[in-house]
Amino acid sequence: MEKYISNIKAPKISIAPMVDKSHRHFRYFSRLLTKDSLLYTEMVTAQSIINGDRNKILYFREEEGAVALQIAASNAEDAYKAVKLANDYNYTEINLNCGCPSDRVSGNLMGAALMSSKELVYDILCAMKEATNKPVTIKHRIGIDGTGVLESEKTKIIMDGYDDLLDFLDTVSKARPDRYIIHARTAILKGLSPKDNREIPPLNYDMVYKLKEEFDYLNIEINGGFRTLDSIKEALNKVDGVMIGRASYEDCYLLSQLYKLNENSEVVAPTSRGEVIKAYIPYVIEEMNNGSSVHSLIAPLQSLFQGQKGSRKYKQLLSSSNIKKENLLEIFDSIFELMPSSILWENN
Ligand SMILES: Cc1cc2nc3c(=O)[nH]c(=O)nc-3n(C[C@H](O)[C@H](O)[C@H](O)COP(=O)(O)O)c2cc1C
């Protein structure tokens, strides 16, 4: 394994790249809850950066703070061009997606399917590093099962053990990525939807912990199934970071507690749910007036009262059939009237 000690100063916690979820409104909202975490964009293909409406795809507001751009690429040339173009935006780091099992992505040897060709991953990472001075990181699985997908490729299609993972990383580490974010599940590339691929292959944290134990100079962040402060705390004793995915939109108030994991945090107490909504309203109005869709602006709020009294009514108020540009402010007023004030203004 290449002994590269990155001087990356990344937060211990990150909020995962998630297509259709981690868009810029979600990130703005998440930032109101967590000052210390690194926020990822949705996956963006290199081709769309090169050929698409770049500013629309890459623009983000300064208030979002530290944001990592995740790209999906199938070759070094595209990756190089895309990262060069992304340098014009203030991303904190650039990440390569080697974890997404979607057919659409794996069919092009992108995402998790890239793991079947460690040399290609090496080439892409080298191209990304050449294109930017920012940290370049990789998000991958502990293995892949490509049965029935990649027979036409002269590549290894099943990697399902620790030795296979080491073999992959032995080559990839030579490109000197600054951090490895490892989703602790094998990706099954055929016959399983992306959703099932986040549920059915079992989590294997031990493989990630063993890797960190053996190669402590690698900067390793674990991902998969982290939903509580305690479980994150426990993992942080063994690896450098934890990435949170679904919990960030299924129980978003968890994010307000994350400062407790950072001994250097400037935050001293969580912001109450009511304060979070109040801080988000001016943004909603501004963005709505600039043409953003009401639905995507409201989506990040959905789980704010998860597990609390009144949560069901709150969700009904925010349901898309109720919400229109014209009545949005009234809906916010109703939230403040409806929700028990102990829950609205309590900060724990
Ligand atoms: C709706 C959704 C979209 C996702 N999109 C991406 C993506 O664009 N890039 C990526 O690397 N992973 C993507 N993932 C996977 C997550 O980043 C994460 O690895 C996975 O959800 C496991 O973490 P969790 O158990 O904390 O949710 C997505 C997950 C979800 C739920």
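The points below describe the domains and the interface between them.

1. Basis. This is a predicted model, in which local features need pLDDT of at least 70 and side-chain atom pairs count only at pLDDT 80 or more, while totals for chains, interfaces and linings use all residues. Residues are numbered from 1 along each chain as its sequence is written, and side-chain values use heavy atoms, with hydrogens and water left out.

2. Domains. The protein is divided into domain 1 (13–261) and domain 2 (273–345), with bounds from an automatic or database domain assignment. Their C-alpha centres lie 30 Å apart.

3. Extent of the interface. In contact (heavy atoms within 4.5 Å) are 14 residues of domain 1 and 15 residues of domain 2. The buried area, meaning the accessible area (1.4 Å probe) that two parts lose on being put together, summed over both, is about 1400 Å², and carbon and sulfur atoms give 61% of this. Of the area that domain 1 buries against domain 2, His 25, Phe 29 and Tyr 253 supply 41%, more than any other three residues.

4. Salt bridges. Three salt bridges are found across the interface, each requiring a side-chain nitrogen of Lys or Arg within 4 Å of a carboxyl oxygen of Asp or Glu. A salt bridge also joins the side chains of Glu 287 and Arg 24 (2.7 Å, N to O).

5. Contributing elements. On the side of domain 1 that touches domain 2, α1 (24–33) and α10 (247–250) are the elements that give two or more residues; helices are DSSP runs (H or I, at least four residues), numbered from the N terminus. The most comes from α1, with seven residues.
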